[in-house]
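Let's walk through this one together, a piece at a time. Have the viewer open and follow along.

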Amino acid sequence: MKVLSLRKWLITIIVLTTLLVLTIIFCSFQGSADVNLGDVINIFSNPLSQTWWNTEAIILLKVRLPRILLACIVGGALAVAGVVLQALLRNPLADPYILGVSSGSALGAIIAILLGLNISIGLLPSIPLFGFAGGLLTILFVYHISKIHQKISVQTMLLVGVVTGAILAATIMFITSIAGPDKVHGIIFWLMGNLGSEEYPMLLIVSFYVLTGILILLYHARGLNLLALGEESAAQLGLDVERAKKVAFIGASLITGAAVSVSGLIGFVGILIPHLLRMVIGSDHRLLLPVAGLSGAIYLALADTIGRTLMAPAEIPVGVITAICGGPFFIYLLKRKKYKIGTATI
Amino acid sequence: MLRKSPTSVGNPVGPSVTISRETCLSGVKMDSIYEVENLRFKYDESWVLDGISFRVKEGEILGIIGPNGSGKTTILRILSRVVIPQEGEVRVRGKNLLELRQKEIAQTIGVVPQDAFFPFPITVGEVVLMGRSPWLSGFGFESEADLQIASQAMALTNTLNLSDRLIFELSGGERQRAIIARALAQRPQVMLLDEPTAYLDIGHQIEIYDLVKKLNAENRLTLIIVSHDLNLASEYCDRLILLYEGKIYRMGKPKEVITEENLSRVYQSSVLVEENPVTGAPRVTLLSKLMSGKYREKSMRIHLISGGGSGADLMRKLIIEGYKVTCGVLNIGDADELACNSLGIEVVKEEPFSPISAESFSRNKTTIEKADIVIVERTKFGKGNIRNLEVLFEFPEKPIILLENDNFDYAGGKATQVYEELKSRGAAILGNHSEIIEYLEEVTEVGREKIDSGLYGRWKR
C-alpha cells in the first residue's frame with residue numbers, strides 16, 4: 001500500500017528546497033547585464049562590504065534578487081492557495097482568484113494608482129497596501145455573506161465570491177475607462193502582473209506574511225484531505241469542519257490577497273500547479289501543499305526570468321509566459337497520463 | 001473519553017472497549033450503546049422527527065425502515081452528530097452526544113454513507129487509511145499500527161487486493177466494501193449504514209449483508225442499518241424500527257414489525273407478507289396499486305373448488321381483484337392448501353392423503369352456504385375428492401361457474417355425470433381466468449339474473 005511516510009515527506013521537501021535555491025541562484029545570473037561568478041561569490045560572502053558595491057552588485061542585489069524572491073513568494077502563495085481552494089470548494093476548477101479576493105486587491109491598488117498615491121507610508125509603498133486593504137475588505141464581505149446560521153456554506157461562498165469578483169472587475173473596467181491616459185497605462189501595466197516593483201521592506205513583510213499563512217495551512221493539511229470527501233464525511237471522520245473551512249478560506253484568501261497586492265494578476269499558477277502535482281504525487285495535502293509552494297516558487301521564478309531575458313531589453317509579462325508554457329504542457333500531461341478528475345477520464 | 005491510538009493491534013477489528021467501559025458513568029446500562037430520548041427534529045418548518053425514543057443494545061443489528069421522508073437518514077445524521085436535534089437527548093455509552101468532541105465521536109461511531117464522493121483521484125488504500133484520522137493528531141503521519149489496522153480492515157472486507165487501485169475504477173460493490181473498510185479502520189463500537197445496498201445488484205447486496213452479519217457475529221460490532229429493502233432488512237436485522245410520519249410506528253423483531261397490517265398502513269400500499277420458505281423470515285411481496293384500489297371495494301364471496309395446485313393461480317387473481325375467497329375441501333399439504341395459507345384464505349381442511357370425511361364435508365357445506373358464487377377449477381376428480389363436486393347438489397340455487405375441463409374424471413364416470421347435471425341446471429361454462437374475472441365484474445354490476453337469462457352482452461347464448 002502506497003502511503004505517505006515522514007521519510008518520504010522529508011526527502012521530497014529537501015530535494016525541492018535545494019532545487020529552489022539552485023533556481024534562485026541560476027536566475028540571478030540571467031539578465032542583460034553581465035554578472036560573473038567571482039563577483040557573485042564575493043557579494044554573497046561580503047554583502048555589506050562597501051568596496052564591492054559596484055554596478056554588478058547593485059544590479060544583483062537591488063534589482064534581480066528582490067525580483068526573483070518576490071516571484072518565489074508569489075508563485076508559492078498562488079500555488080498553495082489554489083490547492084487549498086480546490087479542496088475547500090471540492091472543485092478541480094477552482095483557482096485563487098475565484099472568490100473575488102484578487103479583484104478586491106486589484107481594485108484597491110488601482111484606486112491608489114488613480115489617486116496618484118505613489119508615495120510611501122513609512123517604508124512601505126502605498127499601492128500594495130491599498131491593494132491589501134481592498135483584498136481584506138473583500139474577504140470580510142464574502143465571508144460574512146456566506147455564513148448561514150454561523151456555518152459557512154461552501155456553495156454560497158462560491159457563488160458570492162464569483163459574483164463579487166465580477167462586480168469588482170466591472171468596477172475596475174469602469175475606472176480604467178474614465179481614467180486619464182497617463183493613469184491608464186499604469187493601471188493596465190499593474191493588472192498584467194509585474195514582479196519587478198518591490199523592494200526589500202515590502203518583500204520582507206509579504207514573505208513573512210505568506211510563509212506564516214502557508215505554515216498555518218500546512219498544519220491543517222490533513223483536514224483538507226478530509227474536507228475533500230464532503231463535509232458530512234469529514235465530520236464523521238472526526239474533523240472540526242467549521243474550523244477547517246474558516247482556516248482554509250481565510251488562509252488561502254489572505255495569501256492570495258498579499259500576492260496580488262504586490263504583483264498584480266498573474267494567472268495560471270494557481271490552477272496549473274495543483275493539478276500538475278496531483279498527477280505526480282497524488283492528492284495527500286500533507287505533501288501536496290508544501291510541494292505546491294516550492295514548485296510554484298520555482299515555476300514563477302523561472303517564468304519571470306524567461307520573461308525578462310527572452311526578448312531583452314523588452315519584458316514579456318510573466319502572466320503570458322505562465323500561460324503559454326504551462327497550458328500546453330498541462331494538456332500534454334493530461335493526455336499522457338489519463339488523468340481522472342471527478343468520475344470522468346480526460 | 002478520548003482514547004489514544006492503540007499501539008498494539010490486538011483483536012482485528014473489535015472495538016477497543018476496555019478503556020471506555022472503565023471510564024463510563026456508573027449506573028448506566030452497560031449493554032446499551034445508544035440511548036435516544038424524545039428526539040424532535042426539523043429542517044425547516046415541519047417536524048421530520050416528532051418524539052423518537054429507543055435504545056440500541058450492544059452487539060445487535062438494528063434496522064430502520066420506513067417510507068421516503070419518514071426521517072430514517074435524519075436519525076443516522078443525528079446519531080453521528082452531523083445535525084443536532086432541537087429537542088431530545090442522545091447518549092452514547094452513557095455520555096451525552098453533545099458533550100463529546102468531534103474526534104471522540106469519530107472514534108466511537110463509524111458511518112457508511114449511501115454513496116461516497118471523491119473529487120480527486122485517490123487510491124483505495126488512501127481512502128481506508130482516512131479511517132484512522134480520528135486517531136491522528138495535528139499534522140501527523142500514520143504509524144505502522146495504523147497501516148496494519150487499515151490492512152486488516154481491508155482483509156475483512158476482501159478489498160486488500162484493491163488497495164492500489166483508484167477508487168474511481170471500482171465497481172459499486174467494491175467501492176461500497178472499501179467505504180466499509182474505512183469505517184472499520186476507525187475501530188468503532190457501532191457502525192451506521194445508510195442504505196448500504198441502494199445502488200448494488202443482488203449479488204453485491206448479499207455480499208454486503210453477509211459481511212455485515214460476519215462483522216456482527218465475529219467482532220461484536222453493533223450495527224444500525226437504514227434500508228429501503230424490507231426483505232434484506234427482515235433477513236439480517238435482529239430488531240427493526242418502522243418509522244412513520246416522524247414517529248416510531250412499530251419496533252421489535254422482524255416478524256412483529258413486518259406484517260401486512262403495519263406495512264399497508266405505513267406505505268399506503270397493498271403488500272403480501274409470507275414466510276420465506278428457506279429462512280423463515282418475513283418476505284414482502286408488493287401488490288400493484290392499480291389493483292389494490294379494488295381491494296377494498298368488493299364484497300362478493302367466492303367459493304373455489306380445486307386441488308393439487310390447480311387453483312392457486314385463480315386464487316391469487318381473485319384476491320388481487322378484491323373478492324373474498326374461500327376454498328374447500330383441501331388436504332393439508334396440498335399445493336392449493338399451502339397457497340390458501342399464504343394468501344390468508346379461509347379453507348376447509350382434511351387430513352393429508354385422506355378422502356373427504358363426513359365432518360369436513362359438512363364444514364364445506366357451511367362455507368358454501370355463505371358464498372355468493374362457486375367456481376370449479378380445472379381439477380382432476382377422483383374417489384378422494386368427488387364429494388367436493390357432489391356437495392353442489394345441495395345448493396340448487398347457488399350460481400356456479402365451471403371451467404372447461406376434460407380428461408378430469410378419475411372417479412369412474414361420476415365426475416362427468418355431476419358436470420353434465422350442473423350444466424343442465426344452468427351453470428356458466430367459461431374458458432379461462434380472464435373470462436371469469438370479466439364475468440364476475442358484470443355480475444356485480446348488472447346482477448345475476450340478467451347474466452343468467454342468457455340474453456345479456458357477451459353471455460348471450
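Before anything else, a word on elements: helices (H or I, at least four residues) and strands (E, at least two) are DSSP runs, numbered from the N terminus. This is a predicted model, in which local features need pLDDT of at least 70 and side-chain atom pairs count only at pLDDT 80 or more, while totals for chains, interfaces and linings use all residues. Residues are numbered from 1 along each chain as its sequence is written, and chains are lettered from A and ligands numbered from 1 in the order in which they are written.

Start with chain A, which has 14 helices and 6 strands. Its mean pLDDT (the predictor's confidence in each residue, from 0 to 100) is 85, and 86% of its residues reach 70 or more. Over residues 342-346 of chain A, though, the pLDDT is below 50, and that stretch has 8 contacts in the model beyond near neighbours in sequence. A contact here means that the C-beta atoms of two residues, placed from the backbone, lie within 7 Å. Where pLDDT is low, the predicted coordinates should not be read in detail.

Of the 346 residues of chain A, 45% count as buried. Buried means 20 or more other C-beta atoms within 10 Å of a residue's own, exposed means 12 or fewer, and partly exposed is in between, again with C-beta atoms placed from the backbone. If you take the contacts in chain A between residues at least 6 apart in sequence, 78% of them join residues at least 24 apart.

Now zoom in on helix 1 of chain A, residues 6-29. Its 24 residues should span 34 Å at 1.5 Å a residue, and the end C-alpha atoms are 35 Å apart, which agrees. The expected span is 1.5 Å times one less than the number of residues. T23(A), C27(A) and S28(A) are buried in this helix. Just after helix 1 of chain A comes G31(A), with a positive phi of about 155°.

Where do the two chains meet? On the chain B side, 32 residues are in contact with 32 residues of chain A. Helix 3 (102-108) and helix 4 of chain B are the elements that give two or more residues to that side. By type, the residues on this side of chain B divide into 20 nonpolar, 8 polar and 4 charged; Ala, Val, Leu, Ile, Met, Phe, Trp, Tyr, Cys and Pro count as nonpolar, Asp, Glu, Lys and Arg as charged, and the others, Gly among them, as polar.

Helix 4 of chain B turns up again with helix 5 (residues 144-156): what covers the buried residues of helix 5 includes helix 4 (124-129) and helix 6 (172-185) of chain B. Those buried residues are D146(B), I149(B), A150(B), S151(B), A153(B), M154(B) and L156(B). An α-helix has 3.6 residues a turn, so residues three or four places apart point the same way. Helix 5 of chain B has 13 residues and reaches 18 Å from its first C-alpha to its last, close to the 18 Å expected.

Elsewhere in chain B, look at I61(B), which is found in strand 3 (residues 61-65). I61(B) is buried, with 24 other C-beta atoms within 10 Å. Its contacts beyond four places in sequence include V212(B), Y236(B) and L223(B). I61(B) and L223(B) are 162 residues apart in sequence, yet 4.7 Å apart in space, C-alpha to C-alpha.

Next comes a sheet. In chain B, 6 strands form an open sheet in the order 15-14-13-16-18-20, with parallel pairing; strands pair if DSSP finds at least two bridges between them. Strand 15 (346-350) and strand 20 (428-430) of chain B stand at the edges with a single partner strand each, so one side of each is left without a neighbour in the sheet. On average, neighbouring strands of this sheet are turned by 20° against each other, direction ignored. Axes are lines fitted to C-alpha atoms, for helices over the stretch in contact, and angles run from 0 to 180 degrees between N-to-C directions. Strand 13 (residues 301-305) and strand 16 (residues 373-376) of chain B are joined by 4 bridges, and I305(B) stands opposite V376(B).

At the other end of the sheet order, N331(B) stands opposite E350(B) in strand 15 of chain B. Helix 13 (residues 335-343) of chain B lies across strand 14 and strand 15, at about 145° to strand 14.
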